[in-house]
Every structure is written in C-alpha cells, then in structure tokens.
Amino acid sequence: MAALSHRGAVELLTDLRDDVLGRGRTASKQWVQPLSGLDGRDWLLLDKLARRGTWSPPILHGVRGWSSLDLVRAPVPTVAAAAMHVDGRLRERAVRALAGRDGPIASAVLGLRVLDHVEQVASAALEVLERRPAGLEVDLVADVVLHGSGRSTAGERWSVLVEALGLDTPPVLDQLRTSTRRAARRWAVEQSLASGLLDEDAVVRIASADQDQWLRRTAAEHLLRTPSPERLRSLLDAHSVEARLTAAACIPDEHLDDPTLVGLLLDRSPRVREQARWRARRRDLDVAEVCRKHLGDPAPRVVAAALDGLAWAGDETDVATVDALLGHTSPTVRAAAVRTLAARAPEELVVQAVARHLDDPSGRVANAVATVLARAHASSSSTAQAWSSPRSTARRAAWRVDRAVGGWGRVAADLRAAADPDAHLSGLGRDGLRSWLLDGAASTWGRPDPVQARQMTEHLLGSGLSDDDEELVAFHAGLSFEKRGFSNASSPVPVVTPPARPSERRGLWDRFRHRSG
C-alpha cells in the first residue's frame with residue numbers, strides 16, 4: 001500500500017469522525033480494511049493531524065458525541081478515533097478499552113499511545129501491552145514507536161517497551177527479522193548482529209541478496225570485522241552493489257589476485273569499478289590496457305564498462321576505436337562511447353562526431369549526446385536534423401542543446417518546443433517561457449538576430465501561451481506580432497497628448513496683475 005499523503009490523512013480522519021458521530025456514535029466496519037493497511041509512519045501522521053489546529057479547530061475535538069461513547073462495545077475503528085482525540089481522558093478510556101481487542105488497528109493505536117505526551121495515557125498503554133493481549137502484532141507496535149523516534153518521549157518509552165514486550169529476546173528477534181514492517185525488521189537485524197545471534201552464513205545472505213538496501217549495507221559492514229577473508233570474497237559474486245563494493249574495498253591485497261581485480265574493473269556498477277581502479281593503480285596494473293582488451297567482448301555490459309574505464313585512463317590513441325563503437329548494436333555501448341569520446345577527444349571533433357546521433361533510436365543515447373553537446377555549447381546547426389526528426393526523444397534532446405546556449409537561444413528553443421506536437425515537450429517549452437518571463441526577461445540583453453526573430457515569431461503563434469504571455473514575449477524580444485491586433489516592432493505605440501487644462505488660479509493672477517497696474 002502506498003504511503004498516506006497529508007491530504008489523504010485529513011480526508012480519512014474527517015470521514016471517520018463524521019461516521020463516528022453520525023452513525024449512532026459508532027463507526028461502520030468499512031473502516032477496518034483501510035485502517036489495517038497502514039504502517040507506522042501513516043499512523044503517526046494521522047495522530048499528528050487529528051489534534052493539530054492552527055487556524056481551525058482540530059479534526060478530532062469537542063465533547064458532544066464523544067463523551068457518551070460506549071468504547072467497550074464499540075467497533076475498533078471507533079475506539080481508534082477516540083484514542084486520537086484532543087481530550088487526554090478520552091484517549092485513556094480508549095486505550096483501556098483496547099485491552100480485549102486484537103488485530104493491526106488495536107496494535108497500532110497502542111503503539112501510538114505509548115508515545116503520548118500525557119503520562120497517564122502512556123502508562124495505560126504500557127499496562128495493556130504488558131498483559132500481551134491475544135492477537136497483538138508486536139512488529140506493528142515496534143514499527144509505530146520506532147518511526148516516532150523524533151518525539152520527545154520516544155527514547156525513554158522505547159526502553160520501557162523493549163523490556164515490557166521482551167523485544168530483545170531471541171524468540172522475539174527471530175519473529176521481527178521476518179516481519180514486513182521495515183523499521184521493526186531493521187532494528188531486529190541490527191540487534192541480532194550486535195548480540196551474535198546470526199552466524200556468518202546468514203549475514204552473507206543478507207548482505208548479498210536482501211531486498212532492503214540499508215540492511216545489505218549494514219550486513220556488509222558487519223562482515224568487515226570477520227577474521228576470514230574468504231567470507232569477504234564470497235561477496236564478490238553478490239547481486240548487491242553494497243556487498244561487492246565492501247569486498248572490493250576491504251579484501252586484503254594478498255587475497256585479491258589480478259584476474260579477480262580485472263573482473264572488478266569490468267563490474268556492472270560504476271562505484272565498484274571506481275574502487276577497483278584505485279586498487280589497480282596501487283599495484284601498477286594498467287587499467288587502460290585491460291579495458292582495450294575487452295572492447296570486443298560479446299557482452300555489451302562488459303564493453304560499456306571497458307569504455308568507462310578508457311574515459312578514466314585512456315588517451316587520444318583510443319579515439320578512433322571509440323568512434324567506431326558509436327555504431328554498435330547496443331544502446332548501452334553507444335551511450336558509453338559518446339561519454340568516452342567526450343572525455344578523450346578534442347571538443348571540435350566530439351561535436352562533429354556525436355551530433356548526428358541526437359536522432360538515435362534510443363533515448364538513452366540521445367540524452368548522452370545532448371549532455372555532451374550542451375556542455376560544449378554547440379551551435380543550432382548541430383541540432384537541425386534532430387528538430388526535424390519524427391522521434392520526440394530526438395526533439396527533446398535538441399531542445400536541451402539549444403537551450404543550454406542561454407540568452408535568446410534559450411528563448412528560441414523554448415518557443416520551438418512549446419509549438420511542438422509532443423505534449424511533454426510543448427509543456428516543457430511553455431514552463432521554460434513562463435520561468436523566463438518571471439526571472440530572466442528583464443536581464444536578457446540585446447535583440448535576437450533576424451533569423452532567430454523570424455523563427456521565434458512563427459513558433460510564438462503556435463506556442464499555446466496565454467494572450468498576455470504571448471504579448472510579453474513579443475515585447476521583450478521586439479517581435480512583430482500581429483495576432484489580435486498587437487504589433488510591437490512594426491507599429492510604434494501612439495503617443496497621446498492630453499489636452500491642456502486651464503489653470504485653476506488664472507483668475508486670481510489676472511486680478512493681482514490688474515491691481516498692480
């Protein structure tokens with residue numbers, strides 16, 4: 001289930017409140033399923049929003065309808081709503097009513113109230129939990145409290161909860177390690193590693209293939225303290241990048257032979273390859289020569305890794321070979337060749353060699369070419385073919401290149417994109433124009449050249465901007481824009497001279513002059 005949003009939490013609480021107060025003061029059972037699917041973070045968000053009120057009253061407040069609730073007989077959703085109410089006495093009553101309840105809703109609410117700022121409410125929740133009611137989901141209670149670690153009461157209450165539920169005992173830790181609740185499982189694995197409950201084989205399995213990246217890294221770091229290098233070597237074939245990276249960094253030199261190091265130099269992960277290059281340089285292994293030998297490998301992944309190594313360690317003698325790989329059948333190899341050519345060839349040669357690949361069938365390659373050309377501030381002639389391509393990926397790449405020039409080149413690229421038939425590209429162009437009108441129009445100096453001005457005028461007519469934005473763009477760029485009778489450049493703004501008003505003091509001045517004469 002996706003995480004609950006702020007708006008979704010407000011709507012859920014509002015509907016739950018209306019149901020509690022409108023259905024004979026008892027929430028219908030339709031709330032059991034949506035509330036049961038929430039995790040610890042979702043429950044904490046509900047609890048915070050239920051009693052927060054700055055400009056309006058809190059969602060769960062008041063006395064009418066709440067004080068007469070029979071919480072002992074009410075359905076669990078009703079008790080959950082009462083347990084998040086502003087009134088601490090009502091929250092305490094709701095907690096004690098959960099003593100005979102089971103399921104995820106009751107477990108989550110008890111975890112919430114363990115963190116309650118009112119001592120009496122928290123004590124009541126701990127009393128209920130100490131009795132270990134049937135059906136209590138310990139992992140959900142732990143997940144709620146662990147996610148609430150930012151609350152001022154969390155540290156002390158967590159220690160009490162660990163002792164009350166025996167969370168640090170081997171049977172409970174075994175249960176929590178198999179839980180789907182992320183925070184509870186992470187804590188359990190960490191505690192098990194610290195107490196030595198997991199053997200090395202179990203730690204290797206976690207470091208190699210666990211779905212949680214944080215746990216993979218934690219287990220791999222734990223293996224650094226193992227006295228057996230063979231355990232670290234077993235991580236070299238792990239699916240996890242974190243495990244292979246740890247092994248590449250920490251295996252002693254005497255246990256890392258050259259063939260193994262060459263395999264790391266061609267690893268599928270850039271981070272592992274970078275670590276392997278550092279170790280290869282320490283033992284004077286020629287990284288460039290290793291990579292050159294694997295440019296003909298049948299596996300595209302290996303060829304791409306070898307090209308990445310040449311971008312780091314190659315020289316100008318590799319340019320011709322890398323240029324030939326721009327025609328490789330694999331998009332991964334072609335994109336890597338573009339990046340390597342940019343790193344090793346002169347800029348003029350790079351622009352000339354890769355510009356034609358803006359229209360590559362693969363969006364990955366087109367993006368790699370656009371990045372290289374944008375850094376080189378390539379001219380608009382480099383993108384002409386891509387703009388006329390039927391592929392939207394090519395036109396988006398051309399837009400990126402032309403926009404990177406800045407100044408009026410940026411405005412021209414945004415106008416051309418705004419008039420493009422591709423909805424995504426036209427939206428990007430309009431967003432860019434609106435941003436320019438807000439922040440850059442007043443500081444864009446000079447005027448577009450005649451060719452730019454003509455193209456900008458043509459694209460402005462189909463840009464899809466509002467009337468006001470179109471006229472503002474035409475005004476700042478000095479374009480002759482005839483739509484809806486507006487013309488900025490060819491028709492000067494008429495100067496209207498207001499009629500002279502007679503002086504309000506003329507009669508007084510005449511009388512003064514006559515009297516003086």
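Analyst: A helix here is a DSSP run of H or I with at least four residues, numbered from the N terminus. Keep in mind that the model is predicted.

User: Which helix holds R273?

Analyst: The helix to look for spans residues 270–282. R273 is found in that run, helix α17.

User: Is R273 buried or exposed?

Analyst: Buried means under 20% relative accessible area. R273 has 8% relative accessibility. That value is under the cut-off, so R273 counts as buried.

User: Which residues is R273 in contact with, leaving aside its neighbours within four places in sequence?

Analyst: Contact means heavy atoms within 4.5 Å. With those neighbours left aside, the list for R273 is L264, L265, L266, D267, R268, A305 and D308.

User: How far apart in space are R273 and L245?

Analyst: In sequence, R273 and L245 are 28 residues apart. In space, C-alpha to C-alpha, they are 8.8 Å apart.

User: How many residues of helix α26 are buried?

Analyst: Helix α26 covers residues 407–418 and has 12 residues. The buried ones include W408, V411 and L415. α26 is mostly covered, and its buried count is 9 of 12.

User: What covers the buried residues of α26?

Analyst: Other helices take part in the cover. Included are α24 (384–387), α25 (392–403), α27 (423–439), α28 (450–461) and α29 (467–477).

User: What span does α26 reach from its first C-alpha to its last?

Analyst: At 1.5 Å a residue, 16 Å is expected. The model comes close to that, and α26 reaches 17 Å.

User: How many residues are in the largest nonpolar core?

Analyst: In soluble globular proteins, nonpolar side chains tend to be buried together. Residues with the most contacts inside this core include L235, L264 and L341. The largest nonpolar core has 77 residues.

User: How many residues does the second, separate core have?

Analyst: This core includes L69, A80, L165 and L167. Its count is 66 residues.

User: How many disulfides does the structure hold?

Analyst: A disulfide is a covalent bond between the sulfur atoms of two cysteines. C250 is partly exposed, at 32% relative accessible area. C291 is buried, at 1%. The number of disulfides is 0.

Conventions. Residues are numbered from 1 along each chain as its sequence is written. This is a predicted model: local features need pLDDT of at least 70, side-chain atom pairs count only at pLDDT 80 or more; totals for chains, interfaces and linings use all residues. Side-chain values use heavy atoms; hydrogens and water are left out. Helices (H or I, at least four residues) and strands (E, at least two) are DSSP runs, numbered from the N terminus. The expected span of a helix is 1.5 Å times one less than its number of residues. Buried means under 20% relative accessible area, exposed over 50%, partly exposed in between (1.4 Å probe, protein chains only). A disulfide is a pair of cysteine sulfur atoms within 2.5 Å. A nonpolar core is a set of buried Ala, Val, Leu, Ile, Met, Phe, Trp, Tyr and Cys residues joined through side-chain atoms within 4.5 Å.
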